[in-house]
Amino acid sequence: MSALDDRPTEVGPEPRLESTHDRQVWNRVNASPEFQELRSRFRRFAMPVTVAALSWYVLYVLLTAYARDFMRRQVFDNLNIGFVLGVAQFATTFLVTWIYEKHSTKTLDPLALSLKASTEKELDR
Amino acid sequence: MSILAAGAEVSTSGTNWLAVTLFVGFIAVTMGITLWAGRSNRSAADHYTGGASFSGFQNGLAVAGDYMSAASFLGIAGTIALFGYDGFLYSIGFLVAWLVALLLVAQPLRNSGRFTMGDVLAFRLHRRPVRTAASVSTVVVSTFYLIAQMVGAGALVTLLLGVTGTTAKNLVILLVGALMIFYVVIGGMKGTTWVQIVKAVLLMAGTTLIVLMVLWKFGFSVNHLLGQAAETSGKGAAFLEPGQRFGKVVPGDGTQTMWNKIDLISLGLALVLGTAGLPHILIRFYTVPTAKEARKSVNWAITNIGVFYLMTIGLGFGAAALVSRTTLLRGFKTDAAGCFVDAKGAPLGGSCLTDLGAIPADLKTALVPVDPSGNVAAPLLAKVLGQEFAGETGGTILLAVIAAVAFATILAVVAGLTLAASSSFAHDFYANVLRHGRTTEKQEIRVAKTAAVAIGAVSIVLAIYAQSFNVAFLVALAFAVAASANLPAVLLSLFWRRFTTRGAVWAIYGGLGMALFLLVFSKNVSGATTALFPEQDFAWFPLNNPGLISIPFGFLMGVLGSLLGRDKQSEELYPELEVRSLTGAAAHGATAH
């Protein structure tokens, strides 16, 4: 446990005071190639996937509102395209969750953990 | 309660003593758990986060238990049962919303905050204004949600227990309120979490049982189930297509049709963007020791919630297939003499009609359903299935079980809401704004508990007062406010270096204010027979859900407010926030006991 953990969430009136040493550590870690790599790995996945998932959902809502002839088209007996697309929203949500877990454990967690350890060591110094 | 006479015959007959017994059993067990949990609560971290010592799996269940409200269990099942396909929209929006929480919010939030949503904002912004704003929006969102749940609880529990009368409803609201205060004050986050875990297990088990029975009845063919639902509903194939409930096409009124469709999109946006801004959901991410566990919580929550919402297909279409429409609506309103009335309370057609079958078709549309949203579809389905499998006794037993599940569902959610609101008041407003951060943990916890009692008491009074009003819109509104005020503030704070205190304050008050302003002038409040004040008409905003306008407005205010000036502290602290939020360095871990 670093000394920081015992610090109250906030002490005294603003601004948050912190030693210059700590500030330098945070800035140095932020500028390090390892952290830049972690951030870009995170953003390259999370941002586009969020946008894609939300767009896919909005498309579904738009089809529900404006493409009813298309949505009521029969796929199999009582199952229409609207129903199938609705269930597909579930499927893609599960799929994205699963892929993100894989992505995190493989490419994000190890880097994050090693950066956490080295940062905390530097902060304690 | 003569106005409910027509409904009484199709609901439960007499008091269901088994249901009462199960309710009492659930109350006894959860009170026991709460007392046990409360014994080990010492520090502020214990009260606010259960010492951050839950596992991802446990918290995943608790998140599901906190999230799946009576609006989900009973509301969605009812909407599908009455309107078919359109009820599905809620299920999908409520689930897809979790991707925003998973990909952008859960882990960074866990790493950079400690107790409340306000923690994340206060990290690099000026704490007094942003914590005040966070506290205001947390209390507003949670209270809206709370009142909707409690009014629902009063109506529902009295119905399921087979008792009627305003006094009984008031007593149920009082009981629910007293219990949620007990869970929060005595058990803190630990007690509340366990109540939510128990509820999630009960809800999943109960729903799985009913859905398996429905599927068995239809030879495990969803196709047959849908076919029978379309037939029993009397609407045919249209029941399985969009347009029965949302985005309705009004023949001959192109303008209204256009607004209805835009309203559908507005609702869809509020549902999908609201979840990641709901304070009672956000604080659940602090109950685990690390960001990795927070991510696992969301994985488990998505699994549970997704499976549950998939099962709402079975619940809703099952009820539509096996329970008659009149029964689902619980009959139609009558006057003291037993004559059917119209929306204004006048006898239908000017004479006294008492036989539903004898009413001419053109008058039938003027009938007023006792329960226009079909809130008891799931319990009614349970009763029918029970009867089918084991006669009258089977019906009573299964109804009692599902009624108890609904009761547990409501209690777990209202406890979570009370905890979120009281924590934010105590930690954000009292400790950091009023006392400038100079307070002891003991004092802060005392304020948190007092706030829980106060918020609970106010909600009880408001819910009792609001009973006679139509407050069903409050849940969708809570999502709209969360998406318009909280989400912009949280996302911009985590991911935009240039974000400033002014931006955060503008985003929260702007999004919150715009959502409320548009709501007041919508048909939820006046100008419709289903409105809060049906006699008045000052509505000019054409949409029922303000999300389409208020969500972009919240983000816009956040950006504009930030671009109007620089915030040196915010920009200086951003590198630290980035490192902390992505690596978890120096994050608050679990407290050891």
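Me: Hi! What kind of model is this, and how are residues numbered?
Reply: It is a predicted model, where local features need pLDDT of at least 70, side-chain atom pairs count only at pLDDT 80 or more, and totals for chains, interfaces and linings use all residues. Residues are numbered from 1 along each chain as its sequence is written, while chains are lettered from A and ligands numbered from 1 in the order in which they are written.

Me: How many residues of chain A are in contact with chain B?
Reply: 58 residues of chain A are in contact with 51 residues of chain B. In contact here says that the C-beta atoms, placed from the backbone, lie within 7 Å.

Me: Which element gives the largest share on the chain A side?
Reply: That is H4(A), with 19 residues. Helix H4 covers 81–124 of chain A. Helices (H or I, at least four residues) and strands (E, at least two) are DSSP runs, numbered from the N terminus.

Me: And what is that side like by class?
Reply: It has 31 nonpolar, 16 polar and 11 charged residues. Ala, Val, Leu, Ile, Met, Phe, Trp, Tyr, Cys and Pro count as nonpolar, Asp, Glu, Lys and Arg as charged, and the others, Gly among them, as polar.

Me: At what angle do H2(A) and H4(A) pack?
Reply: The angle is about 175 degrees, with the axes 11 Å apart. That makes H2(A) roughly antiparallel to H4(A). Angles under 35 degrees count as roughly parallel, over 145 as roughly antiparallel, 65 to 115 as roughly perpendicular and the rest as oblique. Axes are lines fitted to C-alpha atoms, for helices over the stretch in contact, and angles run from 0 to 180 degrees between N-to-C directions.

Me: How do H1(A) and H21(B) cross?
Reply: Their axes come within 8 Å and cross at roughly 65 degrees, so H1(A) and H21(B) are roughly perpendicular to each other. Among the residues making the contact are Trp26(A) of H1(A) and Pro575(B) of H21(B).

Me: New topic: where is Arg330(B)?
Reply: Arg330(B) sits in the loop between helix H14 (325–328) and helix H15 (361–364) of chain B.

Me: Is Arg330(B) buried or exposed?
Reply: Arg330(B) counts as buried because it has 24 C-beta neighbours inside 10 Å. The cut-offs are 20 or more other C-beta atoms within 10 Å for buried, 12 or fewer for exposed, and in between for partly exposed, with C-beta atoms placed from the backbone.

Me: How many residues of H8(B) are buried?
Reply: 29 of its 35 residues are buried, and H8(B) is mostly covered. After H8(B) comes Gly162(B), with a positive phi near 80 degrees.

How values were computed:
Contact = placed C-beta atoms within 7 Å.
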